[in-house]
Amino acid sequence: MRDFLSFEPLYQERVWGGRALEQALGRTLPAGRPIGESWEIVDRPEAQSVVKDGPYRGVTLRQLIRDHAAEMMGPAWNPERSFPLLVKWLDCRERLSLQVHPPAAVAPQLGGEPKTENWYIADAAPGAQLIVGLTPGTRPSEFEAAIGTGTLEKWVRRFPVARGDSILVHSGEVHAIDAGNLILEIQQNSDTTYRVYDWGRLGLDGKPRQMHVRESMESIRWDGEPLLPVRAARERAIIADCREFRIERVPLAAGERLQLPAGVEPSLVSVVEGQAGSWRRGANVVVPYGASVDLSAAEASVVLLTTRFARA
């Protein structure tokens with residue numbers, strides 16, 4: 001398989017979402033709804049990416065892997081195994097809930113899935129922030145008491161972010177995205193989120209959203225090392241390297257080329273600034289194991305190259 005794979009976005013209505021994907025990425029969104037997420041690449045029972053153009057137009061990602069596992073993912077890939085990443089654009093017009101994803105050691109007993117994720121800040125309003133991790137020395141009893149009194153702010157770590165910053169958030173790390181961030185999220189293929197606190201907000205139905213305090217308390221890493229963002233820069237650099245994937249930031253000057261050989265591993269190319277080949281800002285393209293890449297930047301651009309997610 002030598003064809004690149006681009007998919008139809010699956011737009012998700014969220015109480016904290018907005019309409020920024022229209023202007024920032026040139027998308028046509030469902031009318032009159034707050035769109036918080038665009039699922040760009042997903043292979044799950046409840047949601048399937050569908051190829052939007054080329055010879056495989058209309059085919060689901062699941063069917064592609066079943067029929068072309070070796071060509072897509074490599075010779076050792078089990079065709080019944082799902083695509084291991086879930087890729088989303090997030091329009092965080094308002095702050096998200098304070099939440100946590102269960103670590104691998106805890107997830108099965110809670111009936112969930114682990115989820116390590118990387119956030120690339122594609123745009124940020126002045127003063128935009130992230131919340132990731134706990135204040136050093138936070139005890140579970142103090143944290144749980146603060147949930148009941150609505151005083152969690154003092155127990156979480158908050159820091160400012162700007163366009164081009166990035167942070168890797170491991171399963172078990174309590175976190176929230178603050179208002180004013182446009183984010184490309186590259187994560188494990190998981191949709192398990194336990195909400196700790198929602199800042200007193202009501203859902204789209206006018207009722208308080210469901211919280212998962214017990215599951216959250218069992219999932220939080222109470223002794224985790226403080227996480228810090230990788231700040232924006234114009235140099236080529238690894239911005240995330242974990243067991244689940246590796247992400248490299250690749251700045252390209254106008255006319256500069258990005259080249260990848262075939263037959264090494266599948267990869268994901270995400271254009272977060274400018275245009276590379278025919279792929280404009282916002283594109284997320286799966287490059288199969290059997291395909292090679294030779295792209296020329298039409299203008300100064302930044303590409304994220306995600307690899308090492310298809311380990312057998």
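Start by selecting aspartate 178: with a relative accessibility of 10%, it counts as buried, because the cut-off for buried is under 20%. Keep in mind throughout that this is a predicted model. Arginine 158 has a relative accessibility of 29%, so it counts as partly exposed.

Next, select arginine 234 and glutamate 273. They too form a salt bridge, with 3.8 Å between the closest N and O atoms. Arginine 234 is in the loop between α5 (213-219) and β14 (237-241), and glutamate 273 belongs to strand β17 (residues 267-273), so this pair ties together parts that lie 39 residues apart in sequence. Glutamate 273 has a relative accessibility of 19% and therefore counts as buried.

For a network, select Arg14, Glu37, Lys88, Lys115, Glu117 and Glu185: salt bridges that share partners join these residues into one network. Zoom in on lysine 115 and glutamate 117 within that selection. Their closest N and O atoms are 3.9 Å apart, and the pair forms a salt bridge. Are these two residues buried or exposed? Both lysine 115 and glutamate 117 are buried. If you list the salt bridges over the whole model, the count comes to 32.

**The six-stranded sheet**

Switch to a cartoon view and colour β1, β2, β5, β12, β7 and β10. In that order, these six strands form an open sheet with antiparallel pairing. Its edge strands are β1 (10-18) and β10 (166-169), each of which pairs on one side only. From one strand to the next, the twist averages 25 degrees.

β1 and β2 run antiparallel and are joined by five bridges. Which residue of β2 stands opposite tyrosine 11? Select serine 38 to see it.

**The five-stranded sheet**

Now colour β14, β15, β22, β17 and β20. This is an open sheet of five strands in that order, with antiparallel pairing. Here the edge strands, each pairing on one side only, are β14 and β20. The twist averages 25 degrees from one strand to the next.

Look at β17 beside β20: these strands run antiparallel, with four bridges between them. Select leucine 268 and then valine 286 in β20, its bridge partner.

**The largest pocket**

Rolling a probe the size of a water molecule over the atoms shows where empty space is left. The largest pocket holds about 430 Å³ of space. To centre your view on it, select Ser6, Lys52, Ala283, Asn284 and Val285, which are the closest to its centre of the 25 residues in the lining. Which elements give two or more residues to this lining? They are β19 (279-280) and β20 (284-287). Colour the lining by class and you will find twelve nonpolar, six polar and seven charged residues.

**Backbone stops**

Tryptophan 199 is not a glycine, yet it has a positive phi of about 60 degrees. You will find tryptophan 199 in the loop between β13 (194-197) and α5, and with a relative accessible area of 21% it is partly exposed.

Arginine 308 likewise has a positive phi of about 60 degrees without being a glycine. Look for arginine 308 in the segment after β22 (301-307); its relative accessibility is 35%, so it counts as partly exposed.

**Last stop**

Finish with proline 102, in the loop between β6 (98-100) and α3 (107-110). Proline 102 has a relative accessible area of 0% and is buried.

Conventions: Residues are numbered from 1 along each chain as its sequence is written. This is a predicted model: local features need pLDDT of at least 70, side-chain atom pairs count only at pLDDT 80 or more; totals for chains, interfaces and linings use all residues. Side-chain values use heavy atoms; hydrogens and water are left out. A salt bridge is a side-chain nitrogen of Lys or Arg within 4 Å of a carboxyl oxygen of Asp or Glu. Buried means under 20% relative accessible area, exposed over 50%, partly exposed in between (1.4 Å probe, protein chains only). Two strands pair if DSSP finds at least two bridges between them. Axes are lines fitted to C-alpha atoms, for helices over the stretch in contact, and angles run from 0 to 180 degrees between N-to-C directions. On a 1 Å grid over the protein atoms alone, a cavity is a set of points where a 1.4 Å probe fits but cannot get out, and a pocket is an open set with protein on both sides within 12 Å along at least five of seven lines; lining residues have an atom within 4 Å of a point. Grid points are joined across faces, edges and corners, and a volume is the space filled by probe spheres set on the points. Ala, Val, Leu, Ile, Met, Phe, Trp, Tyr, Cys and Pro count as nonpolar, Asp, Glu, Lys and Arg as charged, and the others, Gly among them, as polar.
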